[in-house]
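User: I am new to this structure and would like to go through it step by step. Could you show it first, please?
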Amino acid sequence: MTKRLVAVLPGLALALAAFGLASLAHLLAPWIPALTACVVLGVAFTSLRWSPRVRAVLQPGFATAARRLLRIGIVLLGLKLSLVDIAGLGWLVLGMIVLVVIATFVFTFAIGRLLRLPGDEPLLIAAGFSICGASAIGAMSSVTGSKESEQATPIALVTLCGTLAIALLPALRPVFGLDAEQFGMWTGASVHDVGQVVATAQIAGASALAIAVVVKLTRVAMLAPMIAITGLVLKRDGKGKRPALVPLFLIGFIAAVLVRTFLPVPDVVLQAADLIQLVLLGMALFGLGAAIRVGTLVRTGVRPLAVAAISWVAIAAMSLGAVAVATAAGAPALR
């Protein structure tokens, strides 16, 4: 073994064990998404009073999980998405999803800047809330060059809001009179993490879950162009910290989507890739969660919470409006 491999093994082993514990929690309580539980376990772990020596031994593995494993997991996530599935939503629903993602991203970024959040936090929070939660925050950091510690507040906020959505959205469903398909679209368009979407939508049944997952993965597909555009803007403004305009893992993500669309990938390969992707993202989110310091979050004050709350309400309202427009127009996916 190389010295590098030996250095990262302890942290990776603990991240893998944490994923196993999170999966067990999900099996015992299906309303707890495994990936969300991984973030929470990471926060809980780092909140304990470990000696500096223990932290030094584990940190290389945590960093590898948060960076490399996250990117590999995002590439494999592309195999869950087919352009055929996206087209099946219809052009109206697809257009509404794109508009909601762009509007949420721009709105959240603007609110973050208005409330003077530090550093890259406005950009990272915007990515997390508009696209796919903690995974998008980690991906966006590859362009901004943000450290794991700088991702702490955005990840904590997107995890908190996404977890609350699991309880809140089903409670609001009868208030707005949504049928299963409408609720599925609302969930897929507004809830942040893929696991949180599944946990929320499955309450309304199989039809709600099916459309929620496709809508959510369509949002995930927006990750590549949004990060590419951000890279171009940062480079133009002289703020880019990485040389690549489009990170290699995003090219891999697009390639995986094209493979799923145009090649006959056997079910056993898709199932294996899905499991590997879940494990890798779980380990990565544990590593990212381990960078969150609760004390630091408390000292940040109410401004980050205000940005998160405003963005959360905004994306829920815009997504609900999109559902209403699509329903009124007779979109095939909602018939």
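Analyst: Let us begin with a term: rings of Phe, Tyr and Trp pair if their centres lie within 6.5 Å. Please keep in mind that this is a predicted model.

User: How many aromatic pairs does the structure hold?
Analyst: The structure holds 6 aromatic pairs. In one of them, the ring centres of F176 and W186 are 5.7 Å apart and the planes stand at 85°. Planes over 60 degrees apart count as edge-to-face, so the pair of F176 and W186 is edge-to-face.

User: Where do F176 and W186 lie?
Analyst: F176 belongs to helix α7 (residues 152-176) and W186 to helix α8 (residues 180-190). The two are 10 residues apart, and their pair links distant parts of the chain.

User: And is each of them buried or exposed?
Analyst: F176 is partly exposed, at a relative accessible area of 40%. W186 counts as buried, with 2% relative accessibility.

User: Which other aromatic pair does W186 form?
Analyst: W186 also pairs with F183, again edge-to-face, at 6.3 Å centre to centre and with 70° between the planes. Both F183 and W186 are in helix α8, 3 residues apart, which is about one turn of the helix. F183 is buried, as is W186.

User: Which residues do ring pairs link into a cluster?
Analyst: The cluster consists of F45, W50, F62 and F286, linked by ring pairs.

User: Changing topic: how many salt bridges does a search of the whole structure find?
Analyst: The search finds 1 salt bridge. The partners are K80 and D274, whose closest N and O atoms are 2.8 Å apart. K80 is in the loop between α3 (52-77) and α4 (83-88), while D274 is in helix α13 (residues 267-289), so this pair ties together parts that are 194 residues apart in sequence.

User: What brings two such side chains together in general?
Analyst: Side chains of opposite charge can pair when their charged atoms come close.

User: Are C132 and C161 buried or exposed?
Analyst: C132 is buried, with a relative accessible area of 3%. C161 is buried as well, with a relative accessible area of 6%.

User: Now the helices. At what angle do α5 and α6 pack?
Analyst: Helix α5 (residues 91-114) packs against helix α6 (residues 121-144) at an angle of about 115°, and their axes are 4 Å apart.

User: Which residues meet there?
Analyst: From α5, the residues include V101, F105 and F109. On the α6 side, L123, I125, F129 and M140 are among them. By class, the contact has 11 nonpolar, 4 polar and 1 charged residues.

User: Where is P118?
Analyst: P118 is in the loop between α5 and α6. At 47% relative accessibility, P118 counts as partly exposed.

User: How far is P118 from Q196?
Analyst: Their C-alpha atoms are separated by 27 Å, and P118 and Q196 are 78 residues apart along the chain.

Technical notes:
Residues numbered from 1 in each chain as written. Predicted model: local features only at pLDDT ≥ 70, side-chain atom pairs only at ≥ 80, totals over all residues. Heavy atoms only, no water. Salt bridge = Lys/Arg side-chain N within 4 Å of Asp/Glu carboxyl O. Axes fitted to C-alpha atoms, helices over the stretch in contact; angles between N-to-C directions. Contact = heavy atoms within 4.5 Å. Nonpolar A, V, L, I, M, F, W, Y, C, P; charged D, E, K, R; others polar. Buried < 20%, exposed > 50% of the residue type's maximum accessible area, 1.4 Å probe, protein only. Phe/Tyr/Trp six-rings, centres within 6.5 Å; stacked < 30°, edge-to-face > 60°.
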